[in-house]
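Visitor: I'm new to this one, could you walk me through it?
Guide: Gladly; ask whatever comes to mind once it is on screen.

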Amino acid sequence: MTDKFPSVLISPASMAKVDRDAALSGLDSYGLMRRAGFAVAAAALRHYPEAVRFVVLCGPGNNGGDGFVAAAALREAGGNVRVFSLGDPGQLRGDAAKAFADFDGAVEPLEAYRQEQGDLVIDALFGAGLSRDLPPSVTDIIDRLAEVDVPVLAVDLPSGLDGATGKPRPKAFQAQHTVTFVARKPGHVLLPGRGLCGEVEVFDIGIPRRIVERHAGIVGINDLAHWAAMLPRLSDASHKFTRGHLTVFSGKASATGAARLSGLAGLKAGAGLVTLASPGSAVLVNVSQTTAIMIRTVDDIDSLQDYLTDKRMGAFVLGPGFGIGEKARAFALALAERRLVLDADGISSFKEAPESLFDAFASGETRLVLTPHEGEFARLFPDLAGDDSLGKVEKARAAATRAHAVLVYKGADTVIAAPDGRALVNANAPPWLATAGSGDVLAGIIGGLLAQGTAAFEAAAAGVWLHAKAATRLGPGLTAEDLASAVQPFQAETDC
Ligand SMILES: NC(=O)C1=CN([C@@H]2O[C@H](COP(=O)(O)OP(=O)(O)OC[C@H]3O[C@@H](n4cnc5c(N)ncnc54)[C@H](OP(=O)(O)O)[C@@H]3O)[C@@H](O)[C@H]2O)[C@@H](O)CC1
Ligand SMILES: Nc1ncnc2c1ncn2[C@@H]1O[C@H](COP(=O)(O)OP(=O)(O)O)[C@@H](O)[C@H]1O
Ligand SMILES: [K+]
């Protein structure tokens, strides 16, 4: 019953390959379907012991096959079971046909279903094989169930939800529970899919690890398995300079708070030193509100070049509160040889000329991290943002490759993507993270990790996770000031 692959996401296309290899390796595919169906029946009995009727909606493929196995098991357990089929179940093929043959109850057409008080709907219409928009007979039922209080338990995925993108086609069942098999699919964690699945249970149906790992690919869930080993380690030999120097650019006197939030978060994330590079006009404001953070006047490109003669200045955050325009563009391009988190106004400044930014960071190791929310993403990548055929993972991956940068495409389902195609979907962020200044804190954490030498992809992924972890520790009602103060470096003993 346990989730053997908590860090893995398997696309529906890869799942089909897992399925094929399992069959080629001699595994009994009908045995796998029976385990899947039994898991669904067990979940129905466990979560809905008070159900008056178990209503199983079966589709034309193997998802429907799981439904027939579950229906048979629920009847065996003494449940009141009704089965409704989309299309003629006599047309089912392969294992689904076997499952239908092994079910000895009545099967009614899908259109005949009328919801009643006490129903539990088991949605086994479509899973990984959904290949086009739902037919009206199914969207009609989705519309009817949306009006009433009938719980839905989804098999593999709520029908209508695209397992690759997390998008409904064009609608999907709203499930309370989803029982899926082997590992989660991107659609379980990307929005709005995550919300449509309810609580997701991953059931191990016995496919060997070597087959799953062969097809697991380079998209996963953002957890410590992907980056913990790459984070900085302290030792007796550490001193502040070995822990790295982060520079955060401050905005003008009336817009300094965002940079201070980033700077504090960078220090908390473990940077040995943090300097606020401030316009002269804002130095007094910054000095009066910082203690451990140092202040340096950097007014223009010449003073920045002067600052950059110190090669220990390795990592930078540019954007929070900085102001949009030529100065931000010139500063970002001057930093092209260093490690840079470009956030907020820094991103928006390149709306008219994104290629100039991408070209500047094109060669050598990946050292640019872009942290756009949805609006900022659309400014840099309008074509990708407007392409409805792409899910958030595909958009972030395409953007990362184009920009030669690590992309942190923010939201409740933040996606971190690298130019080489690796991508992680974050799933530990609580909704109270959506508060003014929270993005500034994130930029600072990532900058703090970059300053310590962590590679850009791992710094970004760990930063997103630590940001969410700090918010979870604090609980609802946090402010960005609380959040910046609560940031902690990763600690294996307490964070695992
Ligand atoms: N992987 C594993 O190891 C295991 C997988 N298992 C289970 O198998 C499920 C995947 O099975 P699957 O591949 O048969 O796909 P499924 O979701 O049943 O749909 C395909 C059918 O629907 C049809 N169809 C598609 N879209 C449609 C639409 N909009 N409107 C109308 N029709 C549409 C499509 O028709 P076609 O496109 O071929 O014309 C085809 O007939 C998976 O979710 C899990 O539950 C378990 O048994 C455990 C082992
Ligand atoms: N509903 C949500 N649930 C969890 N995290 C969220 C949600 N909405 C936003 N976030 C996170 O909050 C942060 C907001 O950053 P951003 O949009 O830049 O805001 P700001 O500019 O106010 O700092 C991002 O890390 C984002 O991923
Ligand atoms: K389903």
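Visitor: Is Lys-410 buried or exposed?
Guide: Lys-410 is buried, because 25 other C-beta atoms lie within 10 Å; a residue is called buried if 20 or more other C-beta atoms lie within 10 Å of its own, exposed if 12 or fewer, and partly exposed in between, with C-beta atoms placed from the backbone. Keep in mind that this is a predicted model, in which local features need pLDDT of at least 70 and side-chain atom pairs count only at pLDDT 80 or more, while totals for chains, interfaces and linings use all residues. Residues are numbered from 1 along each chain as its sequence is written, and chains are lettered from A and ligands numbered from 1 in the order in which they are written.

Visitor: Where is Lys-410 placed?
Guide: Lys-410 is in the loop between strand S15 (406–409) and strand S16 (415–417), where helices (H or I, at least four residues) and strands (E, at least two) are DSSP runs numbered from the N terminus.

Visitor: And what is Lys-410 in contact with, leaving aside neighbours within four places in sequence?
Guide: Leaving those aside, Lys-410 is in contact with Thr-371, Pro-372, His-373 and Gly-439, contact being C-beta atoms, placed from the backbone, within 7 Å of each other.

Visitor: What about Gly-411, buried, exposed or partly exposed?
Guide: Gly-411, which lies in the loop between S15 and S16, is partly exposed, with 16 other C-beta atoms within 10 Å. Apart from neighbours within four places in sequence, Gly-411 is in contact with Leu-191, His-373 and Glu-374.

Visitor: Which residues does UniProt list for "binding site"?
Guide: The unreviewed UniProt entry lists Lys-410, Gly-411, Ala-412, Asp-413, Thr-414 and Gly-439; UniProt positions follow the numbering used here, feature names are shortened, and annotations may be inferred rather than shown by experiment. Those residues span 30 residues in sequence, yet no two of their C-alpha atoms are more than 14.0 Å apart, so they gather at one spot.

Visitor: Which residues come nearest to ligand 2?
Guide: Of the 17 residues around ligand 2, the nearest are Lys-410, Ala-412, Ala-429, Ala-434 and Gly-439, a residue being near if its C-beta atom, placed from the backbone, lies within 6 Å. Helix H18 (residues 438–451) gives the most to that shell, with four residues.

Visitor: Okay, and ligand 1, which residues come nearest there?
Guide: Around ligand 1 there are 29 residues, of which Gly-61, Asn-62, Asn-63, Gly-127 and Gly-129 come nearest. Helix H1 (12–24), helix H2 (29–47) and helix H3 (62–76) are the elements that give two or more residues to this shell, and the largest share, five residues, comes from H3.

Visitor: Changing topic, how is the protein divided?
Guide: The protein has domain 1 (12–217) and domain 2 (224–495), with bounds from an automatic or database domain assignment. The centres of the two domains, taken over C-alpha atoms, are separated by 41 Å, and nine residues of domain 1 are in contact with eight residues of domain 2.

Visitor: How many residues has the largest nonpolar core?
Guide: That core has 159 residues, and those with the most contacts inside it include Val-406, Ile-416 and Ala-460; a nonpolar core is a set of buried Ala, Val, Leu, Ile, Met, Phe, Trp, Tyr and Cys residues joined through C-beta atoms within 7 Å. Helix H19 (residues 456–474) gives the most to this core, with eleven residues, and the core draws at least three residues from each of domain 1 and domain 2.

Methods: Contact = placed C-beta atoms within 7 Å.
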